[in-house]
Each structure stands twice: as structure tokens, then as C-alpha cells.
Amino acid sequence: MSTIPKEELAALCERALLAAGAHPEDAKVLSSATVEAELVGNRAVGVGHLFDYLDGYRQGRIASATEPKVRRAAPAVIDVDAASGLAQTAFQSAFRDLLAATHEAGIAALWIRDSYTCGELGYYARKVAQQGYIAVATANSPALMSIGGAPKRILGTNPLAYGIPRPGGFPMVIDQASSSTAFVNIRRAADAGDPIPAGWALNADGEQTVDGNEALAGTLLPFGGHRGGNIALLVEILATLSGASFSLDAAPFDSGSTSPGIGVFVLCIDPANFTGSADRLSRQLENLRDEHQVRLPAMELTELPGQVEIDAGVLRRLEQAANTESGASEALHSQRA
């Protein structure tokens, strides 16, 4: 493992994105989100996943010269068309409107459609919770997982995240996939030739497998059997409500030249409408930890560290991508369409 300051890692990510053809604004937002994923320990959607974005830009799955279209569909409903671009940029474009609507109505919702994968879903919940609001977020992805006993892929890994503000401190954010594991973990095991645990996936014939390569050709399984599948279906419904692609209809995120066009949903609740709500919740979280020995990583995280521990091979690969000058100059001077 190598240790690198978070600012240096963000700069490397930004340079790699610019070299791949990303717009400067997109490169800045995505590099920050990528580093945050590493800092909170969600490495499956950190730097390792950034290479999917780099390939997406090079092959045309991510649009680099489009601007998100933000619309106030109702007093407390924000609708954003990502126009085949990044979900993170679309979220940032609508963030002030979401906060304003929540302040006015006490509760508001944001929908993003036609975007590339959401990356770390906790990123969206964390940004909201850092403003003192409670957040619930869902996102779908291209079909990778079976539900209801189906032998083939039906839904994406469809994560669910939520953020709870802690006045005067760092928010608690829970972020988990509906699948037994993230797709990138299957891919990593296949590349390394390592077995995967039973219950993670089915092979192409719909049978249980512990072989990573067989799992790549087959389908992931939801966590907790049909209960996880039920949650994944709810995630799908919420994430696609404004017209995003259903997982079955979404183009692959790792091949081809077509955007997956998936959706993200973010619910924002102002606890100020409930007397002492934010402080009460914070005290209860402390009570669970101190009096009942509840130990959750998200509960223990009180601030983001200043450095990132990263696999040395992944870091070398990122440095190589950052030092590729092709496309960087053009991207630096490009304008939104």
C-alpha cells in the first residue's frame, strides 16, 4: 500500500480525467467525489472505479460537452436531466435548488436521469447531511443482479444510502448495495483468479458459483435473499421515476459508446421542523455507541482523514493516466454545449 495526501490524489484524478477528455468542471467534481469514497473506506467506488469513468470518456459513454438541465417540477420537486453526463455534476447543479426547496417546504426530493453510474452513493447523502438535513438516496445501474429466483440479470446492484446530521460533528452516512457484493469486487476477484464466497453470484446457467469469471458471465445475487431483492426493486422504482433507464434497458457501463442513462433519487428532510430532532438523533447515536456497544464504521467516523492509503499498483496506473497528455489541452479549453 502507498500513502498519499488527499489533495495530491485529487489532483492526479483530475489530471487523468482531463487527459481522457472530461470537461474541467466535471473533472473537478468527480475527482473530489472519488477521493471522498476512498477517505470513507468505500474503495470499490473510489480510484478503482475511476478507470471506468476514464474508459467511459474515451469511448463516448460519458458526454463531455453537455450541461445538466435543472427544472423545478413542483414546489418541492427538482428534476435534472444529466444529458448523458455525470450524476455528480447534475447533483451539484441542482444542489442549491434542493436545499432551498427543503428550507421552504420542510422536505424536498431530487431526481436525476440519463446519467452515467452514480459512483459512491453516500457522496450525495453526505453533502446533504453536512448542511444539517436528513438524506435518503437511491440509484439504479445496468442489470447485474437477479431477484425473485430469476436465473438472469434483472436489476442493478441498486444501492441505498442515508445520511444523519450530527450537530457540531461529521454526519453519519450508511451506504450499501442491494447485492451481496459490489460488481467491482467480482471483477477484481476474477482478475486475480481468487474464489468468491458462496451466495454472491450465479453462473450463466443460473447455478451457484464461487468462480469470479463464471460470476461475470452470470448474475449477482441480492443480500438476504428475497428481502434484499425487495429493497432493490424499491430502489429501482424511486431512481427511475423521472424517466431514467430501467436496469434491464440500461446500456453497459463498461463497454460500448452509449450512456447507461440511469437515475438517482435524493430525499432531503429538514429536522428543524421537529423540535430538537437533529440534537435528539445525535444523542441517540451517542447512546447506542457508549451505552450499548454499537460499533458501526459510519458511526465511528468523526472526520475525513488527510491522507489516503491506496494500492501501489492502482496508484501507478492512475499516475500513468494522469501523465497522458492526449486530450488534456482540448478539454481545458472546451465549453459546455
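This is a predicted model: local features need pLDDT of at least 70, side-chain atom pairs count only at pLDDT 80 or more; totals for chains, interfaces and linings use all residues.
**The nonpolar cores**

Let's start inside. The largest nonpolar core has 42 residues, and L9, L17, Y53 and L318 are the ones that touch the most other members. Two or more residues come from each of α1 (6–20), α2 (24–39), α3 (47–59), α6 (183–192), β12 (307–310) and α11 (312–322). Of these, α1 gives the most, with eight residues. For a close look at one member, take L17: leaving aside its neighbours within four places in sequence, L17 is in contact with A22, A27, L30, S31, L50, Y53, L54 and Y57. There is also a second, separate core of 33 residues, and V29, A82, V128 and A137 are among them.

**Helix α11, one side in and one side out**

L315, L318, A321 and A322 are buried. Why do they fall on the same side of α11? They cover an arc of only 120° around the axis, and this places them together on that side.

**Aromatic pairs**

How many aromatic pairs does the structure hold? There are seven. Such a pair is described by the distance of the centres and the angle of the planes. Two of the pairs are set out below.

| Pair | Distance of centres | Angle of planes | Kind |
|---|---|---|---|
| Y53 and Y116 | 5.0 Å | 70° | edge-to-face |
| F91 and Y123 | 6.4 Å | 65° | edge-to-face |

Both count as edge-to-face because planes over 60 degrees apart fall in that class. Y53 belongs to helix α3 and Y116 to the loop between β4 and α5, so this pair ties together parts that are 63 residues apart in sequence. Y53 is buried, with a relative accessible area of 2%, and Y116 is buried too, at 0% relative accessibility.

Ring pairs join F91, F95, Y123 and Y124 into a cluster.

**T117 in its loop**

T117 is found in the loop between β4 (107–115) and α5 (122–129). Is T117 buried or exposed? With 9% relative accessibility, T117 counts as buried, because the limit for buried is under 20%. Not counting residues up to four places away in sequence, T117 touches H49, Y53, A87, Q88, F253 and I262.

**A three-stranded sheet**

Finally, three strands form an open sheet in the order β9-β8-β10, with antiparallel pairing. β9 (208–209) and β10 (219–220) stand at the edges with a single partner strand each, so one side of each has no neighbour in the sheet. Strand β8 (residues 201–202) and β9 run antiparallel and are joined by two bridges. For L202, the bridge partner in β9 is Q208.

Notes: Residues are numbered from 1 along each chain as its sequence is written. Side-chain values use heavy atoms; hydrogens and water are left out. Two strands pair if DSSP finds at least two bridges between them. Helices (H or I, at least four residues) and strands (E, at least two) are DSSP runs, numbered from the N terminus. A nonpolar core is a set of buried Ala, Val, Leu, Ile, Met, Phe, Trp, Tyr and Cys residues joined through side-chain atoms within 4.5 Å. Buried means under 20% relative accessible area, exposed over 50%, partly exposed in between (1.4 Å probe, protein chains only). Contact means heavy atoms within 4.5 Å. The arc is that of the directions from the helix axis to the C-beta atoms. Rings of Phe, Tyr and Trp (its six-membered ring) pair if their centres lie within 6.5 Å; planes under 30 degrees apart count as stacked, over 60 as edge-to-face and the rest as tilted.
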